[in-house]
Amino acid sequence: MAAPTGRAVAGAARLLARLQATSFSIRTSSATISSAEKVPRSLWKLGRLNHVAIAVPDLEKARSLYKDVLGAQVSETVPLPEHGVYTVFVELGNTKLELLHPLGERSPIAGFLQKNKAGGMHHVCIEVDDITAAVAELKKRKIRILSEEPKIGAHGKPVIFLHPKDFHGVLVELEQA
Ligand SMILES: C[C@@H](C(=O)O)C(=O)SCCNC(=O)CCNC(=O)[C@H](O)C(C)(C)COP(=O)(O)OP(=O)(O)OC[C@H]1O[C@@H](n2cnc3c(N)ncnc32)[C@H](O)[C@@H]1OP(=O)(O)O
């Protein structure tokens with residue numbers, strides 16, 4: 001077989017370069033189309049970490065640990081019967097801890113404390129700028145929302161909880177900012 005000429009080699013190189021450019025732009029445009037179709041991200045945004053909640057078997061002991069041993073500023077104990085919990089908030093400057101203890105027989109944290117007798121991290125709460133839009137999108141994505149409608153949370157604002165099995169084992173609360 002005859003050796004390729006200089007012109008043939010240059011032509012092949014140009015063709016290869018064009019093919020690479022074409023396949024790159026196809027990949028780019030399909031990624032853009034699919035993400036634009038699936039993620040109308042402009043509708044709502046995540047905000048700050050509002051709090052990290054810790055379920056505790058003895059609320060007074062836990063309150064005293066943060067107040068007297070760590071010197072934190074802590075709230076009074078507040079019962080929230082509509083959520084089945086007592087809460088104490090611990091101020092940390094950039095965020096808060098929420099100490100939780102079961103209230104009533106059907107408390108949603110009773111099972112968690114049965115499994116974690118010494119207590120443990122129960123959920124993280126992240127603010128969102130539009131909880132209605134967040135709920136609509138998460139439902140479309142088949143993420144389980146643990147109440148029919150948002151409830152009024154510990155700060156007097158609407159909140160929802162997302163199933164821990166849909167969030168890598170972490171119960172996530174979203175709170176309207
Ligand atoms: C005042 C308000 C506020 O801050 O504004 C609050 O904090 S209210 C805070 C309290 N309210 C809430 O938590 C409301 C949302 N929570 C719920 O609806 C419930 O607690 C569920 C998260 C669905 C869990 O239900 P239940 O206790 O019946 O447990 P279950 O045994 O069926 O749980 C199913 C699976 O999820 C796991 N699981 C349960 N709780 C979990 C948690 N906190 N973090 C991570 N995983 C958890 C279990 O180990 C189990 O996994 P395996 O199958 O692998 O064993």
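**Chat about the ligand site**

User: How far is a polar side-chain atom of His51 from an oxygen atom of the ligand?
Analyst: 3.3 Å, a polar contact, meaning a pair of N or O atoms within 3.5 Å. This is a predicted model, where local features need pLDDT of at least 70, side-chain atom pairs count only at pLDDT 80 or more, and totals for chains, interfaces and linings use all residues. Residues are numbered from 1 along each chain as its sequence is written, and side-chain values use heavy atoms, with hydrogens and water left out.

User: What about Glu98 and a ligand oxygen?
Analyst: A polar side-chain atom of Glu98 sits 2.9 Å from an oxygen atom of the ligand.

User: How much of the ligand does the protein bury?
Analyst: 69% of the 1100 Å² that the ligand exposes taken alone, by the Shrake-Rupley method with a 1.4 Å probe.

User: Which residue classes make up the shell?
Analyst: The shell around the ligand has 11 nonpolar, 6 polar (Gly counts here) and 4 charged residues.

User: New topic: where does UniProt put the VOC domain?
Analyst: The unreviewed UniProt entry has "domain: VOC" at residues 48–177; such annotations may be inferred rather than shown by experiment.

Definitions and conventions. A polar contact is a pair of N or O atoms within 3.5 Å; within protein, one must be able to donate a hydrogen and the other to accept it, and residues adjacent in sequence count only if both atoms are side-chain atoms.
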